[in-house]
Amino acid sequence: MSTNPADLSATEAARRIDAGSLRPETLLEACLDRIAEREPVVRAFVHFDPALARATASRPLAGILAGLPVGVKDVLDTADQPSQYGSPIWQGHQPRADSYAVAATRRAGGIIMGKTVTTEFATRHPGPTTNPHNPSRTPGGSSSGSAAGVAAGFFPLALGTQTGGSVLRPAAFCGVTGFKPSFGLIHRAGMKVMSESLDTIGVFGRGVGDCALYAQALTGQDLGDPQRATGAAPRLAVCIGPAGDALPAATRRLLEDVADAASRAGARVTRLELPPGVMAGFEAHPVVMNAETLQALAWERMTHPRQISAVLTQNLDWAAGVPAPALAKARAAFASARAAFKDFMAGYDAILTPAALDEAPEGIGWTGDAICNALWTALHAPCISIPAGRGAAGMPVGVQLVAPYGEDRTLLGWAGWLEGVLGR
């Protein structure tokens, strides 16, 4: 049985394009057909221009992404499409230049399919996107449209951003792979930044190899081939992390099942708790995130306060009461936690931990809790979410691997190993 090109992984589509057995135009049209079929329900796009995508596909394309359709989260500027940041304040805003991530995507031959729905300023107030597996449930956020679009077959690759859990959680909820690199690995020029200390650009794909391919295109770094087995097995530290007692029993069982499978495949698995010095980064996260967001939205808050959602206004009001010394103290706690994490990871290759509390919650008025992700973002660590099973309602559930800062290639390699163990 032949596979619809819209359902191919990015790595497989790239291989076929390179071999001449798949034309970029054919892949694009398959994705456009899928969008026409499912977008009225999924609602992944805030701006979509099929004519522009076709014009790009008709031109000679070169680079490691040549001919691959890509979704772009609408907090990243595009010179040929509006960038509205999920806010009515910026409705119709047209930047003059591409963000770095978009420019690098084009340079590598990627086809920008459109701008995907983000929550308001990539914070909490959700957009209209639904989960492709069940439209009555959230796709997660804030990178809602990017994760949902990959899952629905609208594009094999997408850009997202993460301040708390905005790449990892939507990936888990939508049953795709999401990679948040080490802080700063992908340049943030042309991004609507909220938190200087936290915001990180990440990528979505249908597998670990897809994420490695896209991250390599964006960074120019050799991130290896996660689909090529090394014959070795990792030293894994299995921990719940900050979720603690909030983690449902079913998610605990899934994590244990994945850990047992890794152990049978040769991994050295140790179950443990994080030391207080590392956990301090989690406690400081909301202070840094909200206080820096207050600074980032100074103009919007002064000039258009009534066009800021109630939930964001509440967070900004809280942040306005945070004294400057408290923000400085929280940033210092981040630095101490990163040093403690580096020491903690000396005996391990990666941490295995839940990617989200559970499967996607019902309703689209809330995008879920970032408790399983925020600490790793604060630590500037590379993280990746891998599909690992299904929840009680039949929705996807993921697990997360975390490595020390700067160990992106190593993380992707072990993620590819675990993906193989899980048969994904």
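This is a predicted model: local features need pLDDT of at least 70, side-chain atom pairs count only at pLDDT 80 or more; totals for chains, interfaces and linings use all residues.
User: How are the planes of F45 and F155 arranged as an aromatic pair?
Analyst: Seven aromatic pairs are found when the whole structure is searched. In the one formed by F45 and F155, the centres are 5.8 Å apart and the planes stand at 85°. Planes over 60 degrees apart fall in one class, and the pair is therefore edge-to-face.

User: How many residues apart in the chain are F45 and F155?
Analyst: F45 belongs to strand β1 (residues 45–48), while F155 sits in the loop between α5 (144–152) and β4 (157–162). The pair thus links distant parts of the chain, and the separation is 110 residues.

User: Why is the pair of W90 and W299 classed as it is?
Analyst: The ring centres of W90 and W299 are 5.7 Å apart. Their planes meet at 55°, so the pair is tilted.

User: How many residues apart in sequence are the parts that W90 and W299 tie together?
Analyst: W90 is placed in the loop between β2 (69–73) and α4 (100–107). W299 is in helix α10 (residues 298–303), so the parts tied together by this pair are separated in sequence by 209 residues.

User: Which helix gives the most to the lining of the largest pocket?
Analyst: The largest pocket holds about 490 Å³ of space. It is lined by 27 residues, and those closest to its centre are R124, G164, H285, M289 and A370. Both α9 (276–296) and α11 (310–320) supply at least two lining residues. The greatest contribution, six residues, comes from α9.

User: How many charged residues are in the lining of the second largest pocket?
Analyst: About 340 Å³ of space lies in this second largest pocket. Its lining has 17 residues, with D225, P226, R228, T230 and G413 closest to the centre. Five of the lining residues are nonpolar and seven are polar, and the number that are charged is five.

User: Which residue follows α14?
Analyst: Helix α14 (residues 408–422) reaches 21 Å from its first C-alpha to its last, close to the 21 Å expected. Among its buried residues are L411, W414 and W417, and the buried residues of α14 pack against elements including β5 (177–180) and α8 (249–264). After α14 comes a residue with a positive phi, near 70°, namely G423.

Key
Residues are numbered from 1 along each chain as its sequence is written. Side-chain values use heavy atoms; hydrogens and water are left out. Helices (H or I, at least four residues) and strands (E, at least two) are DSSP runs, numbered from the N terminus. The expected span of a helix is 1.5 Å times one less than its number of residues. Buried means under 20% relative accessible area, exposed over 50%, partly exposed in between (1.4 Å probe, protein chains only). Contact means heavy atoms within 4.5 Å. Rings of Phe, Tyr and Trp (its six-membered ring) pair if their centres lie within 6.5 Å; planes under 30 degrees apart count as stacked, over 60 as edge-to-face and the rest as tilted. On a 1 Å grid over the protein atoms alone, a cavity is a set of points where a 1.4 Å probe fits but cannot get out, and a pocket is an open set with protein on both sides within 12 Å along at least five of seven lines; lining residues have an atom within 4 Å of a point. Grid points are joined across faces, edges and corners, and a volume is the space filled by probe spheres set on the points. Ala, Val, Leu, Ile, Met, Phe, Trp, Tyr, Cys and Pro count as nonpolar, Asp, Glu, Lys and Arg as charged, and the others, Gly among them, as polar.
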